[in-house]
Amino acid sequence: MNTADLLEQIVREVQKGAAYQDVHPGLIRRVAAQMLQRKRNFREVVKATRNKIYQVGGAYFEQDFPYERWKAELATIDPRDKSRLSAYCRNILQQHASTRERLPILETFYETLFEPLAPVYSVLDLACGLNPLALPWMPLAPEATYLACDIYRDMVSFLNGFLNHLKQNGNVEWWDLLEGSPPYQVQVALLLKVIPCLEQLDKNIVLLLLQSIQAEHIVVSFPAHSLGGRRKGMPENYETHFRNLISQLPWQVKRYEFPSELVFVLNR
Ligand SMILES: C[S@@+](CC[C@H](N)C(=O)[O-])C[C@H]1O[C@@H](n2cnc3c(N)ncnc32)[C@H](O)[C@@H]1O
(Lines give C-alpha, C1' and ligand atoms only; values in the text may rest on other atoms or scores of the structure.)
Protein backbone atom coordinates (compact mmCIF):
# COMPACT_ATOMS: atom_id res chain seq x y z
CA MET A 1 0.00 0.00 0.00
CA ASN A 2 1.41 3.45 -0.83
CA THR A 3 1.74 6.14 1.87
CA ALA A 4 -1.23 8.20 0.63
CA ASP A 5 -3.58 5.19 0.83
CA LEU A 6 -2.19 4.21 4.22
CA LEU A 7 -2.78 7.77 5.47
CA GLU A 8 -6.42 7.71 4.30
CA GLN A 9 -6.92 4.36 6.03
CA ILE A 10 -5.51 5.81 9.27
CA VAL A 11 -7.79 8.87 8.99
CA ARG A 12 -10.84 6.59 8.58
CA GLU A 13 -9.77 4.47 11.54
CA VAL A 14 -9.27 7.56 13.77
CA GLN A 15 -12.75 8.80 12.74
CA LYS A 16 -14.33 5.54 13.94
CA GLY A 17 -13.85 6.79 17.52
CA ALA A 18 -17.01 8.72 18.48
CA ALA A 19 -14.94 11.60 19.89
CA TYR A 20 -13.14 12.06 16.54
CA GLN A 21 -15.88 11.76 13.90
CA ASP A 22 -16.60 15.51 13.95
CA VAL A 23 -12.95 16.62 14.03
CA HIS A 24 -11.78 18.41 10.87
CA PRO A 25 -10.31 15.67 8.60
CA GLY A 26 -7.49 17.98 7.47
CA LEU A 27 -6.22 18.14 11.04
CA ILE A 28 -6.51 14.37 11.50
CA ARG A 29 -4.55 13.84 8.26
CA ARG A 30 -1.76 16.25 9.24
CA VAL A 31 -1.35 14.76 12.71
CA ALA A 32 -1.49 11.20 11.33
CA ALA A 33 1.21 12.07 8.76
CA GLN A 34 3.48 13.30 11.59
CA MET A 35 2.81 10.16 13.63
CA LEU A 36 3.48 7.93 10.65
CA GLN A 37 7.08 9.21 10.69
CA ARG A 38 7.51 8.39 14.37
CA LYS A 39 5.50 5.25 15.16
CA ARG A 40 6.06 1.69 14.09
CA ASN A 41 2.67 0.25 13.30
CA PHE A 42 -0.87 1.13 12.27
CA ARG A 43 -2.41 0.80 15.74
CA GLU A 44 0.27 2.99 17.32
CA VAL A 45 -0.23 5.70 14.69
CA VAL A 46 -4.02 5.68 15.22
CA LYS A 47 -3.60 5.85 19.00
CA ALA A 48 -0.97 8.61 18.92
CA THR A 49 -3.09 10.65 16.46
CA ARG A 50 -6.13 10.40 18.73
CA ASN A 51 -4.04 11.32 21.79
CA LYS A 52 -2.65 14.44 20.15
CA ILE A 53 -6.08 15.62 19.00
CA TYR A 54 -7.46 14.93 22.46
CA GLN A 55 -4.71 17.12 24.00
CA VAL A 56 -5.60 20.14 21.85
CA GLY A 57 -9.40 19.76 21.81
CA GLY A 58 -11.13 16.99 23.74
CA ALA A 59 -9.22 17.62 26.98
CA TYR A 60 -11.17 20.85 27.47
CA PHE A 61 -14.53 19.15 28.03
CA GLU A 62 -15.45 16.25 30.28
CA GLN A 63 -18.39 14.83 28.34
CA ASP A 64 -20.11 15.05 24.96
CA PHE A 65 -22.01 18.30 24.69
CA PRO A 66 -25.83 17.88 24.69
CA TYR A 67 -26.30 20.08 21.61
CA GLU A 68 -29.90 18.96 20.96
CA ARG A 69 -30.95 19.91 24.50
CA TRP A 70 -29.08 23.24 24.25
CA LYS A 71 -30.78 24.01 20.91
CA ALA A 72 -34.22 23.17 22.30
CA GLU A 73 -33.66 25.43 25.30
CA LEU A 74 -32.37 28.27 23.12
CA ALA A 75 -35.53 28.09 21.01
CA THR A 76 -37.55 29.07 24.11
CA ILE A 77 -35.45 32.19 24.80
CA ASP A 78 -36.28 35.61 23.40
CA PRO A 79 -32.86 37.18 22.65
CA ARG A 80 -34.19 40.52 23.97
CA ASP A 81 -34.63 38.88 27.38
CA LYS A 82 -31.12 39.79 28.56
CA SER A 83 -31.29 38.04 31.90
CA ARG A 84 -32.47 34.65 30.51
CA LEU A 85 -30.02 34.86 27.64
CA SER A 86 -27.06 35.59 29.89
CA ALA A 87 -28.02 32.77 32.31
CA TYR A 88 -28.23 30.38 29.34
CA CYS A 89 -24.86 31.52 27.95
CA ARG A 90 -23.11 31.35 31.32
CA ASN A 91 -24.31 27.79 31.81
CA ILE A 92 -22.88 26.72 28.44
CA LEU A 93 -19.62 28.69 28.83
CA GLN A 94 -19.19 26.70 32.05
CA GLN A 95 -19.02 23.39 30.14
CA HIS A 96 -15.70 24.10 28.38
CA ALA A 97 -12.59 24.47 30.58
CA SER A 98 -11.31 27.45 28.64
CA THR A 99 -14.43 29.60 28.88
CA ARG A 100 -15.18 28.31 32.39
CA GLU A 101 -12.01 29.92 33.76
CA ARG A 102 -12.93 33.19 32.03
CA LEU A 103 -16.36 33.42 33.69
CA PRO A 104 -15.16 35.31 36.81
CA ILE A 105 -13.64 38.05 34.59
CA LEU A 106 -16.28 38.04 31.85
CA GLU A 107 -17.89 41.32 32.94
CA THR A 108 -14.65 43.28 32.40
CA PHE A 109 -12.65 41.18 29.92
CA TYR A 110 -14.05 42.34 26.55
CA GLU A 111 -14.98 45.77 27.88
CA THR A 112 -11.33 46.39 28.86
CA LEU A 113 -9.86 44.98 25.65
CA PHE A 114 -12.34 46.47 23.15
CA GLU A 115 -12.71 49.93 24.71
CA PRO A 116 -9.49 51.33 23.14
CA LEU A 117 -10.49 49.85 19.76
CA ALA A 118 -14.13 51.01 19.78
CA PRO A 119 -16.25 50.97 17.73
CA VAL A 120 -15.54 47.29 17.07
CA TYR A 121 -17.32 46.44 13.83
CA SER A 122 -15.81 43.05 12.92
CA VAL A 123 -14.30 40.17 14.90
CA LEU A 124 -12.69 36.89 13.85
CA ASP A 125 -12.56 34.46 16.80
CA LEU A 126 -9.94 31.83 15.89
CA ALA A 127 -10.25 28.37 17.51
CA CYS A 128 -13.25 29.77 19.33
CA GLY A 129 -14.41 26.76 21.37
CA LEU A 130 -17.69 27.86 23.01
CA ASN A 131 -16.57 31.50 23.20
CA PRO A 132 -19.29 32.78 20.78
CA LEU A 133 -21.62 32.33 23.77
CA ALA A 134 -19.72 35.28 25.30
CA LEU A 135 -21.15 37.59 22.61
CA PRO A 136 -23.59 39.24 25.04
CA TRP A 137 -20.52 40.54 26.95
CA MET A 138 -18.71 41.89 23.88
CA PRO A 139 -19.28 45.62 23.29
CA LEU A 140 -19.64 45.51 19.50
CA ALA A 141 -20.90 48.24 17.19
CA PRO A 142 -24.50 47.83 15.96
CA GLU A 143 -24.52 45.62 12.82
CA ALA A 144 -21.01 44.32 13.65
CA THR A 145 -19.89 41.06 12.04
CA TYR A 146 -18.72 38.17 14.20
CA LEU A 147 -16.81 35.36 12.46
CA ALA A 148 -15.27 32.34 14.17
CA CYS A 149 -13.83 28.88 13.54
CA ASP A 150 -12.97 25.61 15.27
CA ILE A 151 -12.20 21.98 14.40
CA TYR A 152 -15.44 20.37 15.66
CA ARG A 153 -18.23 20.16 13.06
CA ASP A 154 -21.03 19.55 15.60
CA MET A 155 -19.84 22.51 17.73
CA VAL A 156 -19.67 24.76 14.66
CA SER A 157 -23.21 23.79 13.67
CA PHE A 158 -24.55 24.55 17.16
CA LEU A 159 -22.72 27.91 17.21
CA ASN A 160 -24.18 28.89 13.82
CA GLY A 161 -27.65 28.16 15.22
CA PHE A 162 -26.81 30.41 18.18
CA LEU A 163 -25.72 33.30 15.91
CA ASN A 164 -28.90 32.90 13.82
CA HIS A 165 -31.08 32.95 16.92
CA LEU A 166 -29.44 36.21 18.04
CA LYS A 167 -29.76 37.58 14.46
CA GLN A 168 -26.03 38.24 14.72
CA ASN A 169 -24.25 38.97 11.40
CA GLY A 170 -21.50 36.45 10.71
CA ASN A 171 -20.85 32.73 10.83
CA VAL A 172 -18.67 30.00 12.30
CA GLU A 173 -16.47 27.87 10.01
CA TRP A 174 -15.26 24.29 10.35
CA TRP A 175 -11.55 25.04 9.94
CA ASP A 176 -8.06 23.75 10.79
CA LEU A 177 -5.71 26.63 11.70
CA LEU A 178 -2.65 24.62 10.64
CA GLU A 179 -3.75 25.74 7.15
CA GLY A 180 -3.51 29.39 8.22
CA SER A 181 -6.29 31.80 9.12
CA PRO A 182 -9.63 31.76 7.29
CA PRO A 183 -9.22 34.46 4.60
CA TYR A 184 -11.37 37.17 6.16
CA GLN A 185 -10.39 40.80 6.51
CA VAL A 186 -11.47 42.05 9.94
CA GLN A 187 -10.82 44.79 12.45
CA VAL A 188 -10.11 42.50 15.45
CA ALA A 189 -8.93 38.87 15.51
CA LEU A 190 -9.07 36.86 18.74
CA LEU A 191 -6.48 34.14 19.35
CA LEU A 192 -7.46 33.31 22.91
CA LYS A 193 -5.46 30.59 24.68
CA VAL A 194 -4.81 28.88 21.34
CA ILE A 195 -1.06 29.24 20.84
CA PRO A 196 -0.03 26.52 23.34
CA CYS A 197 -2.42 24.09 21.58
CA LEU A 198 -1.14 24.92 18.10
CA GLU A 199 2.48 24.57 19.20
CA GLN A 200 1.71 21.05 20.36
CA LEU A 201 0.65 20.31 16.79
CA ASP A 202 3.43 22.15 14.97
CA LYS A 203 6.29 24.04 16.68
CA ASN A 204 6.71 26.51 13.82
CA ILE A 205 3.11 27.33 12.99
CA VAL A 206 2.42 30.38 15.16
CA LEU A 207 4.48 33.01 13.36
CA LEU A 208 3.08 31.85 10.01
CA LEU A 209 -0.43 31.92 11.41
CA LEU A 210 -0.01 35.43 12.88
CA GLN A 211 1.22 36.64 9.50
CA SER A 212 -1.75 35.04 7.71
CA ILE A 213 -4.34 36.87 9.86
CA GLN A 214 -5.82 39.85 8.02
CA ALA A 215 -6.71 42.03 11.01
CA GLU A 216 -5.83 45.52 12.24
CA HIS A 217 -5.58 44.20 15.82
CA ILE A 218 -4.87 40.68 17.07
CA VAL A 219 -5.80 39.87 20.66
CA VAL A 220 -3.59 36.99 21.82
CA SER A 221 -3.94 35.38 25.22
CA PHE A 222 -2.37 32.69 27.38
CA PRO A 223 -3.81 30.83 30.37
CA ALA A 224 -2.41 31.70 33.79
CA HIS A 225 -2.80 28.06 34.90
CA SER A 226 -2.41 24.64 33.31
CA LEU A 227 -5.57 22.56 32.71
CA GLY A 228 -4.74 20.72 35.94
CA GLY A 229 -4.70 24.05 37.83
CA ARG A 230 -0.95 24.41 38.36
CA ARG A 231 0.64 27.84 37.86
CA LYS A 232 4.34 26.90 37.83
CA GLY A 233 5.56 30.21 36.32
CA MET A 234 3.37 29.74 33.28
CA PRO A 235 2.47 33.36 32.46
CA GLU A 236 6.13 34.41 32.78
CA ASN A 237 7.30 31.61 30.49
CA TYR A 238 4.57 32.29 27.94
CA GLU A 239 5.39 36.00 27.93
CA THR A 240 9.11 35.45 27.32
CA HIS A 241 8.37 32.92 24.59
CA PHE A 242 5.75 35.09 22.89
CA ARG A 243 7.81 38.30 22.97
CA ASN A 244 10.69 36.37 21.41
CA LEU A 245 8.42 34.99 18.74
CA ILE A 246 7.06 38.38 17.68
CA SER A 247 10.33 40.30 18.07
CA GLN A 248 10.75 40.26 14.26
CA LEU A 249 7.30 41.72 13.61
CA PRO A 250 6.90 45.51 13.33
CA TRP A 251 3.72 45.53 15.45
CA GLN A 252 3.04 47.49 18.63
CA VAL A 253 2.18 45.40 21.66
CA LYS A 254 -0.05 46.29 24.59
CA ARG A 255 -0.16 43.98 27.61
CA TYR A 256 -3.10 43.27 29.95
CA GLU A 257 -3.12 40.97 32.95
CA PHE A 258 -6.29 39.33 34.28
CA PRO A 259 -6.29 36.86 37.21
CA SER A 260 -6.78 33.85 34.90
CA GLU A 261 -5.39 35.14 31.62
CA LEU A 262 -2.46 37.10 30.22
CA VAL A 263 -3.36 39.15 27.12
CA PHE A 264 -1.38 40.94 24.40
CA VAL A 265 -3.02 43.19 21.86
CA LEU A 266 -0.97 43.48 18.66
CA ASN A 267 -1.58 46.61 16.62
CA ARG A 268 -0.42 46.86 13.04
C1 LIG B 1 -7.80 26.28 24.97
S2 LIG B 1 -9.16 26.19 23.90
C3 LIG B 1 -9.50 27.90 23.61
C4 LIG B 1 -10.91 28.13 23.17
C5 LIG B 1 -11.30 29.61 23.03
N6 LIG B 1 -10.41 30.33 22.16
C7 LIG B 1 -11.36 30.25 24.38
O8 LIG B 1 -10.44 31.01 24.74
O9 LIG B 1 -12.28 29.98 25.13
C10 LIG B 1 -8.39 25.69 22.41
C11 LIG B 1 -9.35 25.57 21.21
O12 LIG B 1 -8.57 25.36 20.04
C13 LIG B 1 -9.27 24.48 19.18
N14 LIG B 1 -8.26 23.95 18.26
C15 LIG B 1 -7.24 23.12 18.54
N16 LIG B 1 -6.51 22.88 17.43
C17 LIG B 1 -7.07 23.61 16.43
C18 LIG B 1 -6.76 23.78 15.05
N19 LIG B 1 -5.74 23.15 14.48
N20 LIG B 1 -7.55 24.60 14.31
C21 LIG B 1 -8.61 25.23 14.88
N22 LIG B 1 -8.95 25.10 16.18
C23 LIG B 1 -8.19 24.30 16.94
C24 LIG B 1 -9.89 23.48 20.14
O25 LIG B 1 -10.96 22.76 19.58
C26 LIG B 1 -10.32 24.41 21.30
O27 LIG B 1 -11.63 24.89 21.09
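Which residues does Ala144 touch, not counting residues up to four places away in sequence? The contacts are Val120, Tyr121, Ser122 and Asn169. Two residues are in contact here if their C-beta atoms, placed from the backbone, lie within 7 Å.

1. **Basis.** This is a predicted model: local features need pLDDT of at least 70, side-chain atom pairs count only at pLDDT 80 or more, and totals for chains, interfaces and linings use all residues. Residue numbers start from 1 along each chain as its sequence is written.

2. **Overall build.** The protein has 11 helices and 7 strands. Helices (H or I, at least four residues) and strands (E, at least two) are DSSP runs, numbered from the N terminus. With 268 residues, a compact globule would have a radius of gyration near 18 Å, and the 19 Å of the protein agrees with that. The radius is taken over C-alpha atoms, and the globule rule is 2.2 Å times the number of residues to the power 0.38. Along the principal axes, the C-alpha atoms fill a box of roughly 55 × 50 × 35 Å.

3. **Burial and contact range.** Buried residues make up 33% of the 268 residues. A residue is buried if 20 or more other C-beta atoms lie within 10 Å of its own, exposed if 12 or fewer, and partly exposed in between; C-beta atoms are placed from the backbone. Among contacts between residues at least 6 apart in sequence, 65% join residues at least 24 apart.

4. **Two domains.** Domain 1 covers 3-56 and domain 2 covers 67-267. These bounds come from an automatic or database domain assignment. The domain centres, taken over C-alpha atoms, are separated by 27 Å. Domain 1 puts 10 residues into the contact, and domain 2 puts in 12 residues. On the domain 1 side, α2 (25-38) and α3 (42-56) each supply at least two residues. The largest share of that side, 4 residues, comes from α2. By class, the side of domain 1 that touches domain 2 divides into 4 nonpolar, 3 polar and 3 charged residues. Ala, Val, Leu, Ile, Met, Phe, Trp, Tyr, Cys and Pro count as nonpolar, Asp, Glu, Lys and Arg as charged, and the others, Gly among them, as polar.

5. **Ligand shell.** The ligand is surrounded by 22 residues. The closest are Ser98, Ala127, Gly129, Leu177 and Leu192. The elements that give two or more residues to the shell are α6 (97-100) and α9 (195-201). The shell has 14 nonpolar, 5 polar and 3 charged residues.

6. **Strand pairing.** β1 (122-125) and β2 (145-150) run parallel and are joined by 4 bridges. Two strands pair if DSSP finds at least two bridges between them. Asp125 stands opposite Ala148 in β2. β2 also pairs with β3 in the parallel sense, over 3 bridges. There, Cys149 stands opposite Glu173 in β3. β2 is mostly covered, with 5 of its 6 residues buried.

7. Ala144 lies in the loop between β1 and β2. Ala144 counts as partly exposed because it has 19 C-beta neighbours inside 10 Å. Gln185 is 41 residues from Ala144 in sequence and 13 Å away in space, C-alpha to C-alpha. Glu143 lies in the loop between β1 and β2 too. Glu143 has 8 C-beta neighbours inside 10 Å, so it counts as exposed.

8. **Backbone points to check.** Most residues other than glycine have a negative phi, and most peptide bonds are trans. Phi of Glu143 is near 70°, a positive value. Lys167 has a positive phi of about 55° although it is not a glycine. Lys167 is found in the loop between α8 (153-165) and β3 (172-174). Lys167 counts as exposed because it has 7 C-beta neighbours inside 10 Å. The peptide bond from Ala118 to Pro119 is cis, with omega near 0°. Pro119 sits in the loop between α7 (106-114) and β1.

9. **Val265.** Val265 lies in strand β7 (residues 261-267). Val265 is buried, because 20 other C-beta atoms lie within 10 Å. Leaving aside neighbours within four places in sequence, Val265 is in contact with Leu113, His217, Val219 and Lys254. Thr99 is 166 residues from Val265 along the chain, and their C-alpha atoms are separated by 19 Å.

Methods:
A residue is near a molecule or strand if its C-beta atom, placed from the backbone, lies within 6 Å of it.
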